[in-house]
Amino acid sequence: MARGFSIIFAASVLLVILGICRASRVGICYGRNADDLPTPEKAVQLIQMHNIKYARIYDSNIQVLKAFANTGIELMIGIPNSDLLAFSQFESNANTWLKNSILPYYPATKITYITIGAELTEAPNTTAALVVPAMQNVFTALKKAGLHRRIKVSSTHSLGVLSRSFPPSAGAFNSSHAFFLKPMLEFLAENQSPFMIDLYPYYAYRDSSTNVSLDYALFEASSEVIDPNTGLLYTNMFDAQLDAINYALMALNFKTVNIMVTETGWPSKGSPKETAATPDNAQTYNTNLIRHVINNTGTPAKPGGAVDVYVFSLFNENRKPGLESERNWGLFFPDQTSVYNLDFTGKGVVDMTAGGNNTGSNGTWCIASSSASEAELQNALSWACGSGNVDCSAIQPSQPCFEPDNLASHASFAFNSYYQQNGATDIACTFGGVGVRTNKNPSYDNCLYATTGGKKAIVNNATVGPSKSSSSSPQRSYWWTQHLLVAFPLFFLVPF
């Protein structure tokens, strides 16, 4: 008996250690509320070329599910608020949806999460009341299919789910949401599903810039904010918001429920009064966010803890209502060129110039890796000459760069063209790991490789007009900016 207890105890300790040591993950939100986006296939290729391994969509669109097939990208799909009634009323509806819309594409499409509803604190109570029954029905359908341990079910929230968020240690859920929140938390704890939250320090700064410093919102603060109850020091608003959720969960004794940040980001453009919505600030926030997460920094309340984060968003979405910033959260324009440069590994050097179309290689070129397989080179070459908008006419028969007629040579020319026209940064030479930078000019004979300024001896690169696709993602919520969290008393600021 004692030996059996020892084994169980040791296993429990091991699970705790593994949970603590798990690396944090950074994914991308792929919203489609626009009429000028590339096809899902091209969007997925773009995600792959930037080595992004995790993605979130807001529905279960079949064309999108097919596009993610056999990519290895872990996908979060969603059931919108408008469908909650059908999923909550009858378990058979969830069974039918799973059978017809999910199982035909799984596991080729690696679905790992299903979000049931979104930001329900901003929806009518009649809608919020449907979410837990819908979650239970979807979970039951997954269990019947033997997938309930592989695909987790949850729902996303805005910070409006809290009634108090400053100081972080006083974080508390709004009691008016208890009618759906309490059974939801019990469901999450029972099924080891994460509590999903959308965090936006941008809105806190925009709507209360006299109380919140821009540097604090951008992870650039030279001072700390003290939680007077715990003495913990906060150097950025993201951690403070996250810990407010941590403490709210702990206050209700849901300490085992992990938190996942399903949206965060910073807009690159806004209306005249949205002065902080710039490419530089968006790049700074997302770069610092990714480094903060990848380094497993954790938060002051949970140092070293892993947290998964999804950056909003892949593209600018021109059909989103609201202020100008609502349509400018994307990392990429619809033509797939970068709004600004961003390295999702958290390790690369980032070009801080505004806009992603600047060039300036400083005497470097991008060529194909000698260790790359032919299949890898072919995939990367096809992407560069297609979705990458590279002019590959120079490597066609009878053209100056066709010889030597081999994949490595052709791929090198295409890789470098893409590299130069997209800022000549580390991330622009990844190509799924088969691109490498060199200081030696690879030009030969009459085949001249692009250099600073994106010039070539053959033809200038031109961007291809975008194709169309559309869907929807929720509009960002402004409610939480009324929270006490945005009103950090200035007397709590202490210099380092």
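Predicted model: local features only at pLDDT ≥ 70, side-chain atom pairs only at ≥ 80, totals over all residues.
1. Overall composition. The protein has 496 residues, of which 55% are buried. Its secondary structure comprises 14 helices and 15 strands. Among contacts with a separation of 6 or more, 75% are between residues 24 or more positions apart. The exposed surface comes to about 20,500 Å², and carbon and sulfur atoms supply 54% of that area.

2. Disulfide pattern. Three disulfides are present in the structure. With bonded cysteines counted along the chain, the pairing reads 1-5, 2-3, 4-6.

3. Cys 366 and Cys 429. These two residues are joined by a disulfide with an S to S distance of 2.0 Å. The link is right-handed, with 85° about the S-S bond. Distant parts of the chain are linked here: Cys 366 belongs to strand E13 (residues 365-368), while Cys 429 is in the loop between helix H14 (407-421) and strand E14 (435-438), 63 residues apart. Cys 366 has a relative accessibility of 0% and is therefore buried; Cys 429, at 4%, is buried as well.

4. Cys 385 and Cys 392. A disulfide connects this pair, with an S to S distance of 1.9 Å. The value about the S-S bond is -90°, and the link is left-handed. Cys 385 is partly exposed, at 30% relative accessibility, whereas Cys 392 is buried, at 8%. The cut-off that separates these two assignments is 20% relative accessible area, because buried means under that value.

5. Cys 401 and Cys 447. The sulfur atoms of this disulfide are 1.9 Å apart. Its torsion about the S-S bond is about 105°, so the link is right-handed. Cys 401 lies in the loop between helix H13 (374-385) and H14, and Cys 447 in the loop between E14 and strand E15 (493-495); the pair therefore ties together parts 46 residues apart in sequence. Cys 401 is buried, with a relative accessible area of 1%, and Cys 447 is buried at 0%.

6. Cys 29. This cysteine has a relative accessible area of 0% and is therefore buried.

7. Leu 233. This residue is located in strand E10 (residues 233-234). Its relative accessible area is 38%, so Leu 233 counts as partly exposed. Beyond the neighbours within four places in sequence, Leu 233 is in contact with Glu 224, Val 225, Ile 226 and Pro 300. The C-alpha atoms of Leu 233 and Ala 301 are 9.5 Å apart in space, while the two residues are 68 residues apart in sequence.

Notes: Residues numbered from 1 in each chain as written. Heavy atoms only, no water. Helix = DSSP H or I, 4+ residues; strand = E, 2+ residues; numbered from the N terminus. Buried < 20%, exposed > 50% of the residue type's maximum accessible area, 1.4 Å probe, protein only. Contact = heavy atoms within 4.5 Å. Areas by Shrake-Rupley, 256 points an atom, 1.4 Å probe, with all protein chains shown as cover. Disulfide = S-S within 2.5 Å.
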